[in-house]
Amino acid sequence: HADAEQLPLSWSEEEHVTWKTAIHGRGWSSPVIWGDQIWLTTAPENGRRRFAVCIDRQTGEIVHDLMLFNVPIPQDIHAFNSYASPTPVIEQGRVYVTFGSAGTACLDTETGEVLWERTDLECNHYRGAGSSPIPYQDKLIMNFDGSDRQYVIALDKETGETAWRTKRSIEFHDLAPDGEPKRDGDFRKAFSTPHGIHVEGRPMLISVGAKAAYAYNPNNGDEYWRLEERSSHSASTRPVFGHGMVYFPTGFSQGKLRAVKPATDGNFNKPNLVWEVARSSVPEKPSLLLVDKLLYMVSDGGVATCLEAESGDPVWEERIGGNYSASPVEVNGRIYFCSQEGKTTVIAHGREFKKLAVNQLDHGFMASPAIVDNTLFLRTKTHLYRIER
């Protein structure tokens with residue numbers, strides 16, 4: 001969500017582009033912004049080096065291009081993924097970047113100096129890393145859901161030391177014909193980013209892993225509850241929270257959309273499943289968007305859907321075309337959907353589907369948009385754009 005009032009409704013390669021900066025390598029991380037700095041990550045296609053790049057917000061010039069990690073033998077990734085997919089976290093004076101098990105680092109935003117780094121967080125990402133870190137008070141929290149290990153970890157933001165680490169509690173117990181446990185990484189892997197909320201005044205970390213969604217105490221990592229869903233796998237979207245409920249798609253295969261009430265009468269041990277929707281338009285990669293009492297989503301295959309947030313009842317469903325990984329954003333009553341083909345469809349927030357504009361840039365979107373003031377920053381597969389009236 002952003003509160004800009006003068007964001008452009010239409011643009012193209014020739015219209016409303018203040019600057020366009022080429023970004024070397026291949027990276028799907030979304031840009032993050034503080035003051036006049038924009039940070040993102042990238043890597044060559046072979047993944048042997050991992051970079052953090054800082055761009056000047058006013059001029060589009062590259063201020064820092066920092067090679068952070070040298071990885072002689074990178075893990076294999078899916079052809080769809082990149083070696084720089086997790087989005088950084090930025091705050092005053094510091095930016096935190098992660099490439100999963102290949103390395104996590106905290107940088108001084110002024111000098112680019114590495115303040116601390118971790119290269120000992122083990123995980124076979126199997127298809128590549130995708131989970132982004134989130135800040136919580138003095139901690140940096142990350143999901144590590146691989147084919148070999150599945151855990152959530154909190155690092156001290158000042159030092160990078162481990163504050164707590166919690167193993168996923170689910171038992172996969174999928175057996176092969178010979179009775180031995182199956183080791184199919186897809187059914188243990190997840191890409192989702194956690195989300196911090198408050199329920200009845202108590203902080204709660206919502207984290208969706210393989211085969212289950214979890215709630216943890218963000219202060220110490222204690223598990224409050226988990227809700228299993230064994231028919232799907234590789235959960236990738238970030239959960240959202242509103243109206244006292246957590247909303248999240250369960251993942252690939254037989255994915256469902258669930259609305260869960262985290263607590264009732266102070267009971268933090270058992271969530272209440274309020275409603276569940278199983279339909280082909282439930283996204284596997286783009287996250288949900290909650291606006292007032294309406295829940296918006298776009299499927300990976302380009303079907304946009306609006307649901308009643310409190311009941312899950314359908315309001316409308318329309319095919320907008322294209323393929324999607326980026327998450328939608330809402331700005332001043334408009335919703336922006338950015339496709340892998342470079343198309344951005346803009347619709348009006350409301351109970352009737354109303355298309356306002358369709359815009360096209362070259363090369364396509366894997367990253368989600370960033371918005372500051374009345375300016376739109378869009379990362380395509382090759383460039384970063386500043387777009388404004």
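How many nonpolar, polar and charged residues does the lining of the second largest cavity have? I began my notebook with this, and I found six nonpolar, three polar and two charged residues, where Ala, Val, Leu, Ile, Met, Phe, Trp, Tyr, Cys and Pro count as nonpolar, Asp, Glu, Lys and Arg as charged, and the others, Gly among them, as polar.

I note that this is a predicted model, in which local features need pLDDT of at least 70 and side-chain atom pairs count only at pLDDT 80 or more, while totals for chains, interfaces and linings use all residues. Residues are numbered from 1 along each chain as its sequence is written, and side-chain values use heavy atoms, with hydrogens and water left out.

**Cavities.** I took a cavity to be a set of points, on a 1 Å grid over the protein atoms alone, where a 1.4 Å probe fits but cannot get out, with lining residues having an atom within 4 Å of a point. Points are joined across faces, edges and corners, and the volume is the space filled by probe spheres set on them. My search of the whole structure gave three cavities of 30 Å³ or more. The largest holds about 80 Å³ and is lined by 13 residues, of which Gly100, His125, Ala129, Ser131 and Asn143 lie nearest its centre. Strand β11 (residues 139-145) gives the most to that lining, with four residues; strands here are DSSP runs of E of at least two residues, numbered from the N terminus.

**Cores.** I next looked up the largest nonpolar core, which has 18 residues, with Trp39, Leu68, Val97, Phe99 and Leu107 making the most contacts inside it. Such a core is a set of buried Ala, Val, Leu, Ile, Met, Phe, Trp, Tyr and Cys residues joined through side-chain atoms within 4.5 Å, and buried means under 20% relative accessible area (1.4 Å probe, protein chains only). Two or more residues come from each of β4 (49-56), β5 (62-70), β7 (94-98) and β8 (104-108), and β5 gives the most, with three.

**Strands.** Five of the six residues of strand β26 (residues 303-308) are buried. I found β26 joined to strand β25 (residues 294-298) by five bridges in the antiparallel sense, with Cys306 as the bridge partner of Tyr296; two strands pair if DSSP finds at least two bridges between them. β26 also pairs antiparallel with strand β27 (residues 314-319) over five bridges, where Val303 has Arg319 as its partner.

Methods:
Buried means under 20% relative accessible area, exposed over 50%, partly exposed in between (1.4 Å probe, protein chains only). On a 1 Å grid over the protein atoms alone, a cavity is a set of points where a 1.4 Å probe fits but cannot get out, and a pocket is an open set with protein on both sides within 12 Å along at least five of seven lines; lining residues have an atom within 4 Å of a point.
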